[in-house]
Amino acid sequence: MGLTARGTFTVTVEPWFVMIDTSLTLTQRVSYLGTTITNGGTLNAPFGLDCGDLFLRAGILQVGTNSTAFGAVISNSVVGANYGFTVSSNVAMANSTLTASNGLSIVGQTALIGTNQLTLGTASLLGQVSLIGLSNVNATVVGDAVFRDQLVVSGSNVVLTVVGNGGFGDVVVSNNGVL
């Protein structure tokens, strides 16, 4: 004879997206608390995507129409945003490419590690950008961008190249960094 019990409890289901397919196209705009794409996956969201916390490693994300993320960690990946992309917190990029043809806005800090390229459309605003490493950090910003806060370039073989019009607030170049 066993024990039998009855209880009541609350279950909260949160909208998190973890991509397990090699390729997926979303047919409508959706919102998540977190979006994870890894292992070479390709996510296409032509109608926009509210990513929540974005974790992108060795993947491709193509978003449309005023897409958003709370924060982003992007490593060995490609991000394409055709119609505006806003990140309301911090971004960490390593060995990646980000193309925002109609504006990119990063409110928090942006840390660039390794070799990165940001290709930006008009009206792009970047928060505090830091290229800090022991060596071999190379970032290229192509297009018009306004660096709202402090820009830090520091370390041996640490290079930031800006091709286009750049508006700079406070710039710090130290320890053999190159701007």
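Guide: Let us begin with A58, which has a relative accessible area of 33% and therefore counts as partly exposed; that term covers values between buried, under 20%, and exposed, over 50%, with a 1.4 Å probe and protein chains only. This is a predicted model, in which local features need pLDDT of at least 70 and side-chain atom pairs count only at pLDDT 80 or more, while totals for chains, interfaces and linings use all residues. Residues are numbered from 1 along each chain as its sequence is written, and side-chain values use heavy atoms, with hydrogens and water left out.

A58 sits in the loop between strand 7 (53-57) and strand 8 (60-63). Strands here are DSSP runs of E with at least two residues, helices are runs of H or I with at least four, and both are numbered from the N terminus. Although A58 is not a glycine, its phi is positive, at about 55°. N95 also is not a glycine and has a positive phi, of about 50°. N95 belongs to the loop between strand 13 and strand 14 and is partly exposed, with a relative accessible area of 40%.

S96 lies in the loop between strand 13 (91-94) and strand 14 (97-100). Its relative accessible area is 2%, so S96 is buried. In one, the side chain of S96 reaches the backbone nitrogen of S77 at 3.0 Å. In the other, a polar atom of the N116 side chain lies 2.9 Å from the backbone nitrogen of S96. Neighbours within four places in sequence aside, S96 is in contact (heavy atoms within 4.5 Å) with residues including I74, S75, S77, T115 and N116.

N116 is the partner to follow next. N116 lies in strand 17 and is buried, with a relative accessible area of 2%. Residues up to four places away in sequence aside, N116 touches M93, A94, N95, S96, N138, A139 and T140. Strand 17 (residues 115-120) has a covered face of N116, L118 and L120, and an uncovered face of T115, Q117 and T119. Strand 17 pairs with strand 14 in the parallel sense over four bridges; pairing requires that DSSP finds at least two bridges between the strands. L98 stands opposite L118 of strand 17.

S89 is found between strand 12 (85-87) and strand 13, and is buried, with a relative accessible area of 19%. Apart from neighbours within four places in sequence, S89 has contacts with F70, G71, I106, V107, G108 and Q109.

Finally, the whole. The protein chain has zero helices and 23 strands, and its C-alpha trace spans about 75 × 35 × 30 Å along its principal axes. Of its 179 residues, 41% are buried. Among contacts with a separation of 6 or more, 7% join residues 24 or more positions apart.

Conventions
Polar contact = N/O pair within 3.5 Å; in protein donor to acceptor, adjacent residues only side chain to side chain.
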